Structures are given as structure tokens and as C-alpha cells.
Amino acid sequence: MRTIITGGPGTGKTSLLKYFGERGYTIVPEVARDLFAALKLYHPEQLGDRNFVQNAIEAIHLRNYHVYQEHAIFDRGLPDEHAYRAFYEISDQGLWERCYKTVRYDQVFILPFWPEIYEMDDVRSETIEQAEHLDFLTRQSYIACGYDFIEVPKMDLTARANFIRDNLK
């Protein structure tokens with residue numbers, strides 16, 4: 001069972017994954033955050049190459065998809081990268097085919113855009129307007145890939161986690 005928690009930037013995904021991880025669930029952290037940290041340390045010149053970064057993120061998503069075949073909760077999935085390609089106007093390069101036909105997750109929870117909790121950080125550099133647009137693109141990507149998702153209400157962390165737990169397949 002592969003479950004995704006997704007949504008636009010700054011909607012609380014990482015906090016929820018941390019919460020579930022602390023309670024014994026297998027979690028798969030956000031790919032981009034780890035990749036950016038590694039590139040910053042070892043290959044900072046690559047950070048400016050958005051195509052390279054997108055390809056690397058997608059390769060890691062594909063690896064994670066195949067590695068975590070049992071019950072796991074993912075911080076984002078491959079369809080998110082379809083949204084980021086649209087946002088950054090990067091060629092699809094066959095990602096659509098993989099998203100729609102090959103890589104299928106079992107359940108998707110989406111966190112709504114929530115400007116009151118949005119904060120920029122060293123990785124999350126989008127303005128609030130860009131974050132809202134990415135939220136829209138993310139939803140459209142999952143819909144286009146044929147997913148029905150469950151929207152998680154705006155509630156405190158524990159209530160959101162309980163909502164997800166109560167709705168897990």
C-alpha cells in the first residue's frame with residue numbers, strides 16, 4: 001500500500017510525515033528537500049539547472065516507488081513532478097506516460113493551500129502566489145493522472161493525522 005500526502009508548498013506535508021514516522025509508520029521523505037541539500041553541499045552549480053534537478057527528483061521518485069512496496073506514506077509522488085514541470089515550463093519527457101500508466105499509488109491525500117501557515121525557507125522559495133498556483137497545478141496533475149484524492153481539512157496537526165489515519169485503506 002503506497003499512500004501519498006501531497007499539496008502545494010507549505011501546506012504541512014512534512015510535519016504530518018514526521019508525526020506518522022514518530023508513531024512507527026514507514027515514511028518516505030520529500031525527495032526535493034534531500035536532493036537540494038546534497039546538491040548545495042557537493043554540486044551547487046547544478047542547482048541552477050532546473051531540467052537536471054527535475055530529472056534527478058523524478059529518478060529518485062521512481063526508485064522510491066520500487067523500493068517501498070509495502071505500507072508506506074510518501075511526502076509527494078511522481079504526479080507532483082508533472083505539476084512542477086508545468087510550473088517551470090520544462091518539457092514533459094515522457095513523465096505523463098509514467099504517471100498515468102506505470103507508476104500507480106494506492107491512495108492520495110491532498111492538503112489544501114493554507115496561506116496562514118505558509119512560510120518560505122532555504123528550500124521553499126516560492127512566493128505565496130506561486131505556492132497557490134503550484135497547489136492548483138498539483139491538484140490538476142493528480143486529476144489528469146486519474147486519481148481520486150481525499151482532501152484533508154484545515155485542522156491542527158493531530159486532528160489532520162487522525163483524519164488521515166481514519167481514512168487509510
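Predicted model: local features only at pLDDT ≥ 70, side-chain atom pairs only at ≥ 80, totals over all residues.
1. E4 has another partner. Strand E1 (residues 2–7) runs parallel to E4, and five bridges join them. Within this pairing, Ile4 stands opposite Val108 in E4.

2. How many residues of E4 are buried? Five of its five, so E4 (residues 107–111) counts as mostly covered. Gln107, Phe109 and Leu111 point one way from the strand. Val108 and Ile110 point the other way. In a regular strand, side chains alternate between the two faces of the sheet.

3. The largest nonpolar core holds twelve residues, including the facing pair Ile4 and Val108. Also among them are Val28, Tyr65, Phe74, Leu78, Val103 and Tyr142. Tyr142 touches both Ile4 and Val108, as well as Tyr147. Its other contacts, leaving aside residues up to four places away in sequence, include Arg76, Pro79, Asp80 and Phe149.

4. A second core is separate and has eleven residues.

5. Check helix H2 (residues 31–42) for length. Its twelve residues should span 16 Å at 1.5 Å a residue. The end C-alpha atoms lie 17 Å apart, which agrees.

6. Which residues of H2 are buried? They are Val31, Ala32, Leu35, Phe36 and Leu39. These cover an arc of only 115 degrees around the axis, so they sit on the same side of H2. Helix H3 (50–67) is part of what covers them.

Terms used. Residues numbered from 1 in each chain as written. Heavy atoms only, no water. Core = buried A, V, L, I, M, F, W, Y, C linked by side-chain atoms within 4.5 Å. Buried < 20%, exposed > 50% of the residue type's maximum accessible area, 1.4 Å probe, protein only. Contact = heavy atoms within 4.5 Å. Helix = DSSP H or I, 4+ residues; strand = E, 2+ residues; numbered from the N terminus. Expected span 1.5 Å × (residues − 1). Arc of directions from axis to C-beta. Pairing = 2+ DSSP bridges.
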